[in-house]
Amino acid sequence: MDEIEIPQYFICPISLQIMKDPVTAVTGITYDRESIEQWLKTSKHTTCPVTKQALPSDSDLTPNHTLWRLIQAWSAANASNGMDLIPTPKTPVSKSHVVKLIRDFGVPSLYMNALKKMEVLAEDNERKRKCLEEAGVPKAVILLLITCHRQGKISCLEKALRILHLIWTPCSEIKALVNQNCDFIDCLTWILLCETENPVIVTTHVMVILKRVIEVTNSRLLEKLKPEFFKQMLRVVKSKTSQQATKSALHILIQTCQWGRNKSKMMDANAIFELIEFELEKPEKHVTELIINLLAHLCSCADGRAQFLGHAGSIAMVAKRILRVSPATDDRAVQILKSISKYAATKHVLVEMLKVGAVTKLCMVMQADCAAYVKEKARGILRLHSNLWNGSPCIAVYLLTRYQR
């Protein structure tokens with residue numbers, strides 16, 4: 001292979017490899033399609049790599065059929081020397097073709113075939129995904145899913161979700177559609193209850209899409225989320241369908257708990273108990289970080305603190321996570337202990353904090369390489385109840401250090 005002399009005009013000026021799909025730019029220079037498209041996509045200054053002339057990112061790239069045939073013939077002639085044949089380039093997808101596929105959504109006998117073709121295009125490459133996006137496929141698929149929800153159809157759900165998962169872009173049109181009402185959120189919640197052929201794939205797609213939807217949903221709609229929505233999010237967490245689905249569900253709960261009565265709705269769904277039980281199974285560190293963050297939000301209200309203290313292992317679990325997961329987890333875990341010690345500090349609770357090592361961990365935070373604001377929270381908790389905890393060796397050390405200062 002190294003001994004074969006490759007004609008210079010077969011080589012892409014960018015990749016320095018034999019061109020598989022030669023296209024000519026408006027500057028007259030021929031490149032391999034994948035290389036020049038990547039260049040135009042990532043380059044800060046859209047210029048022709050060879051001539052340095054202006055080359056807009058939406059420039060026409062004309063297939064160089066003559067050069068491709070020459071490369072293919074040369075490859076075939078050198079096959080005995082180890083050269084691979086150059087495959088026939090795939091025909092670039094056109095916007096008009098995609099628009100026709102969208103129209104087929106309205107025809108009962110054609111919409112499944114249209115979805116299959118779109119799925120193939122979406123899985124192929126970034127260029128085709130961009131074409132689908134520009135032709136309005138995300139909006140069309142969202143409307144199709146809403147229609148399926150209203151009609152109770154489940155046959156097309158997996159393919160439609162797969163397409164939307166691949167080409168979702170939070171453009172102004174999608175944001176406006178999502179924020180009209182709760183129809184799409186209700187639709188995605190309904191899909192979680194459907195019996196599908198591939199529940200793991202479907203649930204994962206739903207949760208990733210739902211996370212993206214929640215990120216662009218306005219506060220008016222977030223305040224109107226139904227209790228069933230939160231029950232389904234917690235069910236996904238408990239079911240351990242996939243890491244991606246679990247993380248998406250936790251992100252969604254964190255984003256939504258701050259609006260309206262959503263904390264109360266989570267309490268009604270027994271959220272804190274379920275989260276603590278899940279955390280006691282020792283999930284991966286990023287999941288722990290999300291769970292502790294969510295618990296800190298929920299413990300900011302009285303019902304949350306009551307439900308937290310209703311679990312026998314709650315304080316011990318939070319204490320053990322301090323200084324073991326991440327700085328963010330340290331902050332949120334200390335915040336939970338602060339909320340409990342400030343607003344729910346019965347003698348039983350304070351003794352429990354001492355017994356399970358929470359007080360010791362707070363003293364360790366004071367000595368560890370933690371952020372100043374985290375240390376200040378820990379110091380405040382220790383100062384608040386130092387009289388009751390003064391029999392603890394670590395408190396004695398804390399007080400000694402304090403007085404020395």
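The second largest pocket holds about 220 Å³ of space. A pocket, on a 1 Å grid over the protein atoms alone, is an open set of points where a 1.4 Å probe fits, with protein on both sides within 12 Å along at least five of seven lines; lining residues have an atom within 4 Å of a point. Grid points are joined across faces, edges and corners, and a volume is the space filled by probe spheres set on the points. This is a predicted model: local features need pLDDT of at least 70, side-chain atom pairs count only at pLDDT 80 or more, and totals for chains, interfaces and linings use all residues. Residues are numbered from 1 along each chain as its sequence is written, and side-chain values use heavy atoms, leaving out hydrogens and water.

**Second largest pocket**
- Its lining has 13 residues, and Glu279, Lys282, Lys320, Arg321 and Arg324 lie nearest the centre.
- Helix 18 gives the most to this lining, with four residues (helices are DSSP runs of H or I, at least four residues, numbered from the N terminus).
- The lining divides into five nonpolar, one polar and seven charged residues (Ala, Val, Leu, Ile, Met, Phe, Trp, Tyr, Cys and Pro count as nonpolar, Asp, Glu, Lys and Arg as charged, and the others, Gly among them, as polar).

**Largest pocket**
- The largest pocket has a volume of about 1,400 Å³.
- Of its 44 lining residues, Arg33, Glu34, Glu37, Asn125 and Arg127 are the closest to the centre.
- Helix 1 (33–42) and helix 5 (126–134) each supply at least two residues of this lining.

**Helix 15**
- Helix 15 (residues 271–279) is largely enclosed by the rest of the structure, because seven of its nine residues are buried (buried means under 20% relative accessible area, exposed over 50%, partly exposed in between, with a 1.4 Å probe and protein chains only).
- Among the buried residues of helix 15 are Glu274 and Glu279.

**Salt bridges**
- The structure holds 18 salt bridges (a side-chain nitrogen of Lys or Arg within 4 Å of a carboxyl oxygen of Asp or Glu).
- Lys238 forms a salt bridge with Glu274, with the closest N and O atoms 3.6 Å apart.
- Lys238 lies in helix 12 and Glu274 in helix 15, so this pair ties together parts that are 36 residues apart in sequence.
- Lys238 is partly exposed at 47% relative accessible area, whereas Glu274 counts as buried at 19%.
- Asp21, Arg33 and Glu37 are linked in a network of salt bridges.
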